[in-house]
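Biologist: Could you take me through one part of this model slowly, and then show me what lies around it? I would like to start with the sheet.

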Amino acid sequence: MTTFVLVHGHWHGAWCWSRLIPELEAAGHRCIAIELPCTQRDAGVAENARVIEAALEGTDDDVVLVGHSAGGLTIPLVAQHRPVRHLAFLAALLPIPGMSLGQQFDEDPSIIDPDFQYIDDGDGFCSIDPTLAPRYFYQDCDTGDAAWATARLRPQTTLTITEATPLQEWPATPRSYIIGDLDRVVRPEWAVRAARERLGVEALVLKGVGHSPFVSQPGPLASHLSKLASGQFVGPGATGA
């Protein structure tokens, strides 16, 4: 039985996987939804990885780590510390050893949709304007689902943006990348290129899907993730960036 470890992105929490989990469980998988300590000012990627590793104590190596958005910064660090079977990057940002995410944004403006913006709260945290969150994260969701998700967003430490990643080198773990063609946060064109150049895989592009398919398309997303558990959509183990 494959264990899917679900790692949320910025401003979200373990709650965001609540519609995906029943779909994966119905397919015979086990799920662990991680609550990252993103409301702690000094909790960077290394602390995020420690939280995940603690949640995996007693679990075998048949683990698929799913990192959504900024969760993609953390999951390779976990794979560097313990065996996992697969890294699944979902509309995810990717670390570059020696660089911060902010430096990546400065050097490559094509990563993020130019319309996307967040609020620097000036106290080590950042927020999303709730009037804009549905446009960025949930534009392919119905109004009720978008409101449900937006109401649960919370401030996020900026440390994961400003710190240089503690990842020293990419693990050899097989990996895949999934992106929606309507994503308004991570640009799909960048994702396809980065998956090929930095992960050594061809991205799976979901048609008519935005940044948060775990809310808008939980059934189809579970089907794609289940295929990972059976060895499909697995690219070659690349060195990475």
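In what order do the six strands form the open sheet?

Modeller: Happy to. This is a predicted model, so local features are described only at pLDDT of at least 70 and side-chain atom pairs only at pLDDT 80 or more, while totals for chains, interfaces and linings use all residues. Residues are numbered from 1 along each chain as its sequence is written, and side-chain values use heavy atoms, without hydrogens or water.

The order across the open sheet is S2-S1-S3-S4-S8-S9, and its six strands pair in parallel. A strand here is a DSSP run of E of at least two residues and a helix a run of H or I of at least four, both numbered from the N terminus; two strands pair if DSSP finds at least two bridges between them. At the edges are S2 (30-34) and S9 (204-206), each of which pairs on one side only. On average, neighbouring strands of the sheet are turned by 20° against each other, direction ignored. Angles are taken between lines fitted to C-alpha atoms, for helices over the stretch in contact, and run from 0 to 180 degrees between N-to-C directions.

S1 (residues 3-7) and S3 (residues 63-68) are joined in the parallel sense by five bridges, and Leu6 has Val66 of S3 as its bridge partner. Helix H2 (residues 45-55) packs on the sheet and touches S1, S2 and S3, with its direction at about 150° to that of S2. Contact means heavy atoms within 4.5 Å.

Five of the five residues of S4 are buried, where buried means under 20% relative accessible area, exposed over 50% and partly exposed in between, with a 1.4 Å probe and protein chains only. From S4, His86, Ala88 and Leu90 point one way, whereas Leu87 and Phe89 point the other way; all are buried. Helix H8 (residues 188-199) lies across S4 (86-90), S8 (175-180) and S9, and runs at about 170° to S8.

The loops that leave these strands deserve a look too. The loop between S1 and helix H1 (20-26) holds Trp11, and the loop between S3 and helix H3 (75-81) holds Ser69. Most residues other than glycine have a negative phi. Trp11, however, has a positive phi of about 75°, and Ser69 has one near 55°. Trp11 is buried, because its relative accessibility is 5%; Ser69 is buried as well, with a relative accessible area of 10%.

Between S8 and H8, the loop contains Asp183. At 4% relative accessibility, Asp183 counts as buried. Beyond its neighbours within four places in sequence, Asp183 contacts several residues, among them Ala91, Asp113, Gln139 and His211. Pro114 is 69 residues from Asp183 in sequence, and their C-alpha atoms are 12 Å apart in space.

The structure has zero disulfides, a disulfide being a pair of cysteine sulfur atoms within 2.5 Å. For Cys16, the nearest cysteine sulfur is that of Cys38, 10 Å away, and Cys16 is buried at 0% relative accessibility. Cys141 is buried at 14% relative accessibility.

Finally, let us step back to the whole chain. It has ten helices and nine strands. The radius of gyration is 16 Å, close to the 18 Å that the globule rule gives for 241 residues, so the chain is as compact as a globular protein of that length. This radius is taken over C-alpha atoms, and the rule is 2.2 Å times the number of residues to the power 0.38. Of the 241 residues, 56% count as buried. Among contacts between residues at least 6 apart in sequence, 72% join residues at least 24 apart.

As for confidence, pLDDT is the predictor's confidence in each residue, from 0 to 100. The chain averages 94, with 96% of the residues at 70 or above (at least 70). Over residues 234-241, pLDDT stays under 50, and the model has 22 contacts for them beyond four places in sequence.
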